[in-house]
Amino acid sequence: MKLFKKIAFFSIAVLVVSCGKKEVSIIDPLLTNRDTTVSPAVDFFHYANGGWFNNHPIPSSEKSNGIFRMIQDTINSQIKSICKKSAADDKATKGSNKQKIGDFYASGMDSLSINKLGITPLNKELAAIDALQDVPQLLSAIAHLHTIGASPAYSFYVNQDDKISSKYALFFGQGGLGLGDRDYYFNTDEQTVTIRKEYVKHLQAMMHLMGQKDVNAIQSASTIMKLETDLAKASRKIEDLRDPVKNYNKMSLKQFNSLTPSIAWDKVTMNLGVKNADSVIVGQPEFYKALNGMITTYPLKDWKTYLKWDLVNTYASYIGKSFEDQNFKFYSTAMSGVKIQKPRWKRVVEQTNNSLGELIGQVYVSEYLPKGSKEKLLEIGNNIRDVYADHIKKLDWMSLATKEKALKKLSKIVMKVGYPDKWKDMSSVTIDRKSYCGNVMQTNIWSYNYMIHKYGKVVDRTEWSMYPQTYNAYYNSSNNEIVVPACNIIVPGFEGRMPDDAVLYGIIGGSTFGHEITHGFDDQGSQYDENGNLKNWWTKEDLKKFKVRTQLIVKQFSKFEVIKGKFVNGSATQGENIADLGGVVMGYEAFKKSKQFKTNQKISGLSPNERYFLSYAYAWMVNTNKEALAQQVMTDVHAPAQYRINGPLANIPEFYKTFNIKPTDAMRQPDSLRVVIW
């Protein structure tokens, strides 16, 4: 697939590769992506990537375009091939991975059957909600809906106990909001007010599709909005959810019952599928106090309306064109600015991967993963860890006692790269071609049961929470581990050849390994010890110095105005911003050990330093529409891509020297405000 086109208004660098008697010209994306009409001292993001943006506008079916979309399109094409081959195999053994993948995909592509069935796959659940007669039955119904993929009234999950990482615990948190984040219900800026109005219209439209007449639909929409607004009032802001100590409130079931007398949690946990629950971790106790009052003050009929909405909202994309179109109209167009839906094959491929990614991953690894990928990823990761240790040893603001603890934690970080050594067992899932909605629900039930059955068992520290075909990575504080899936080896524009070290360390080293390792030492990760327990390992003086430095990055990012009147939430995004800064610094330090750097090897006329910083910018080459940007600053702990480049680089002296950034330039922080943490 040709991913890059020639761009007329600036010079094209061509790499000449000898292939026997023929010479093959390869365009270097680090040059062709640039827009040299933009000064790197003013806006490095658009200098490094603007040429690509100018020639690749955001498709009408997407909210953004860039490196993530390019890689995802490649992965989607590969998964599509897996799905189509599986669907065409009429000899696949029933219950086999191939049969499940093929039938799931086929059921999703059968739009005629989906439209014919409409909402009927949900009729049994809707009837059960209608039949509720009292509060105990209501609470049982809420719990049951959680077991089939919906999420009304609150959030619930099983995970490692933050303070005892060797044990699983039951977590209850705030939730139940159709708009996702509490600020959508209260902010008074024009765009948010408009979204609230559109949300009420959307609720009315969905009630119509569910069979309600005009007056009833209007009343139902009003009821849902009022109930969700009350839930939102009791919810914490996104930045307040970052404190793991304040959001860790462990109590017995008896204590939980005392907090909420109208809710018998011993019965609720049983209905959630948990036997012999002894304690719970309540993230936001004030939310449950409010919920306790709402359970009895809202009439049962209002709760029924809300529960039916939550169920239909969960499955709207799988119960016929009218529901899917209306769902898209609000959540994708009104909230994210996406004008048209993706082609059906792409929507179904992505859902098949979401639901059966564990099975697809096994085929992906065997058929599409380049040989040696796992080893190369691990090599880069270990090199990043080595330079990290050197940096910690040389820190001038940290005491020896805290350094020893930090180095111990760093040495114990587990690196899971490529793909898991063992796959999850999905043999209990039944998939057929009768109902797309039914198949999605079956996989949701499997996922829930897989989670719930962990409770009371030994923690499996080998488990992965991402598929090898997922272009992303994560740090898990409870395991003190980083997980980097196989497809992170993909670098568009370097197909069929190994990128030079500047590219590898700018993208895979800096924005991936360096970033994820730094999460172990950001504002949240730094509160967990080497064994993954929420436990302070800092001296009082060092912790104070650390917080002074993290507040500098909060202040820096809070000044970035994304669109008129909407700024980056520096507090909510500080963990990712710390990780970005640590990542680009550590990636650079590791790159300095390479032959390319030591010999000052130029490629396409670019010095090693130029290639490194351009590669880091390439890692976040993402152009996003204004609606999605507005949504991101309200709901996401990641800053928009532009500031993930401009923000960290504005703190790095080597960057200043490479691109001649002067003290008065926008891409340079004043010395008194320059952020240096790790």
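**Four-stranded sheet.** I started with an open sheet of four strands, ordered S4-S5-S7-S6 with mixed pairing. Strands here are DSSP runs of E, at least two residues, and helices are runs of H or I, at least four, numbered from the N terminus; two strands pair if DSSP finds at least two bridges between them. At the edges I found S4 (155-160) and S6 (250-252), each pairing on one side only. Neighbouring strands in this sheet are turned by 35 degrees against each other on average, direction ignored. Angles run from 0 to 180 degrees between N-to-C directions, with axes fitted to C-alpha atoms, for helices over the stretch in contact.

**Model notes.** I'm working with a predicted model, where local features need pLDDT of at least 70, side-chain atom pairs count only at pLDDT 80 or more, and totals for chains, interfaces and linings use all residues. Residues are numbered from 1 along each chain as its sequence is written, and side-chain values use heavy atoms, leaving out hydrogens and water.

**S5 and S7.** I looked up how S5 (residues 168-173) meets S7 (residues 279-282): they run parallel, joined by two bridges. Phe-171 sits opposite Ile-281 in S7. Helix H12 (residues 285-297) lies across S4, S5 and S7, at about 60 degrees to S5; contact means heavy atoms within 4.5 Å.

**Three-stranded sheet.** Next I checked an open sheet in the order S8-S10-S9, also listed with mixed pairing. S8 and S9 (474-476) are its edges, each with a single partner strand, so one side of each has no neighbour in the sheet. The twist averages 20 degrees from one strand to the next. Helix H19 (residues 501-519) packs on this sheet, touching S8, S9 and S10, and its direction makes about 155 degrees with that of S10.

**S8 up close.** S8 (residues 414-418) has four of its five residues buried, so it is largely enclosed by the rest of the structure. Buried is under 20% relative accessible area, exposed over 50%, partly exposed in between (1.4 Å probe, protein chains only). S8 pairs with S10 (residues 481-485) in the parallel sense over five bridges. I noted two partners in S10: Glu-481 for Val-414, and Val-484 opposite Val-417. Helix H16 (residues 373-394) lies across S8 and S10, at about 150 degrees to S8.
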